[in-house]
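The structure comes before the text.

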Amino acid sequence: MGKLVDFGFAWRILPDLLAAGMTTIGITLAGFSIALAGGLLLALLRRSPLAFVSWPVAAIVEFVRSTPLLIQLYFLFYVMPEFGLMLSAPAAGIAGIGLHYSCYIAEVYRAGLEAVPRGQWEACQALSLPRSVAYRRVILPQAIRPMLPALGNYLVAMFKDTPVLSAITVVELMLQAKNIGSHSFRYLEPITMAGLFFLCVSLLAAALVRKLERATALPATQTRKTA
Amino acid sequence: MLREILPLLLDGTLTTIEITLLASALAMLLAMLAALGKLSRWRGLRWLAKLYIEFFRGTSLLVQLFWLYFVLPLPPFNVSLSPFSVAVFGLGLHIGAYGAEIMRGALQSVPRGQIEAAIALNIPPLRRFTRIVLPQALVNAIGPGTNLLIELLKGTSLVSLVTLADLSFRANQVVQVTYLSREVFGITLLIYFALAQCINLAMRLLARRMAHAPAGGAR
């Protein structure tokens, strides 16, 4: 057998892997936009005073959260055409991962909104602030702070879940690495490099989230940390 | 038709349950060790624990499974694992790293006064840990731990991609033969949902039992 690690080979496959890595990042960003919007919709519907709206939404969120993304993707990709919804593999993948995470993000929004003390709402009413102003100037600024780190963590989690899309033939980083492996019979370099790519990007992202957490923390919570 | 499909899916479900149980046992062990390592007095242990946690949290589960399955049997390592061992070790290592952070938080949330009181009562360190600190920490760890176990259950679906015949693998197999994708994937989703609810229920019962245990231990 040759060398343990063939650096020349690693260098040669780097461009292909990086290109696939960009696809992975693109999928993540597109999916996250869907998740941010879908999560907001779900969170608002779940807060609806009408029980026949809020209950089914709560059930759907719970169902999606406790079943695997892989099977949800299979469902979108293989079953939806029966209902007349034909999606390409990347479209099904982005829609699937976006919908999966919108159920998680809906909970983040809900928790953030519920964490704002009732007194704040009452004070807004007492000052007869219009509802839009109350939301924009009083409620949301307080609700969004604790949400940001949680949203950041889900962005990273979503990024790390994109390899699942390879199961429905989306050529992202993991599938590209596996393809290179099966062509060249060298799995060590491509799969290790894919792993390192994930590690670097998520460590970087995690550091950014921590920075964001510190930047958005209220003074009161900052002092508590030192205690 | 359903009568022919269900036995296959249930067979896969058993494998899924088996992996979930074994991997969660491994994950809990690793989580406890890594949490203790991270809180340790020795810098080497702290580093080791941090390395393990950051590494396994920072890379995708599927990449880890593929690495164990495709790379490990090749020359530099020459370690050939069965798909079943890859599933248990891969999931256990991955979820253990997440569990370590939960355990660390739970251990740190035990009030210092409890430890000081135990020292004042001259309770030896090991007993102090197992009878005073750990029971209180575990109560705190149950909530996030439940979510993590459900993540583990969902993660088991990925082992189908390293050719282990779990529920997802069977579902795929059945669909390729019968073309009943709607029914089979629908049932599969329902089975996973039912399993997740079982975990929820079991952990809730456990939490209630632990919360009601008389102070100072029953024995």
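B:I102 counts as buried because 20 C-beta neighbours lie inside 10 Å; a residue is buried if 20 or more other C-beta atoms, placed from the backbone, lie within 10 Å of its own, exposed if 12 or fewer, and partly exposed in between. The model is predicted: local features need pLDDT of at least 70, side-chain atom pairs count only at pLDDT 80 or more, and totals for chains, interfaces and linings use all residues. Residues are numbered from 1 along each chain as its sequence is written, while chains are lettered from A and ligands numbered from 1 in the order in which they are written.

B:I102 sits in helix α4 (residues 83-108) of chain B. Helices (H or I, at least four residues) and strands (E, at least two) are DSSP runs, numbered from the N terminus. Apart from its neighbours within four places in sequence, B:I102 is in contact with B:A31, B:A141, B:P144, B:G145 and B:L148, where contact requires C-beta atoms, placed from the backbone, within 7 Å. B:I102 and B:L26 are 76 residues apart in sequence and 15 Å apart in space, C-alpha to C-alpha.

Chain B has eight helices and zero strands. Of its 219 residues, 39% are buried. Its C-alpha atoms fill a box of roughly 70 × 45 × 25 Å along the principal axes. Among contacts in chain B between residues at least 6 apart in sequence, 75% join residues at least 24 apart.

The axes of helix α1 (residues 2-38) of chain B and α7(B) come within 7 Å and cross at roughly 160°. Axes are lines fitted to C-alpha atoms, for helices over the stretch in contact, and angles run from 0 to 180 degrees between N-to-C directions. The two helices α1(B) and α7(B) are therefore roughly antiparallel, the class for angles over 145 degrees.

The side of chain B that touches chain A and the contact of α1(B) with α7(B) divide by class as follows.

| Contact | Nonpolar | Polar | Charged |
|---|---|---|---|
| α1(B) with α7(B) | seven residues | four residues | two residues |

Here Ala, Val, Leu, Ile, Met, Phe, Trp, Tyr, Cys and Pro count as nonpolar, Asp, Glu, Lys and Arg as charged, and the others, Gly among them, as polar.

At the interface, 29 residues of chain B are in contact with 30 residues of chain A. The largest share of the chain B side, eight residues, comes from α8(B).

Key:
Contact = placed C-beta atoms within 7 Å. Parallel < 35°, antiparallel > 145°, perpendicular 65-115°, else oblique.
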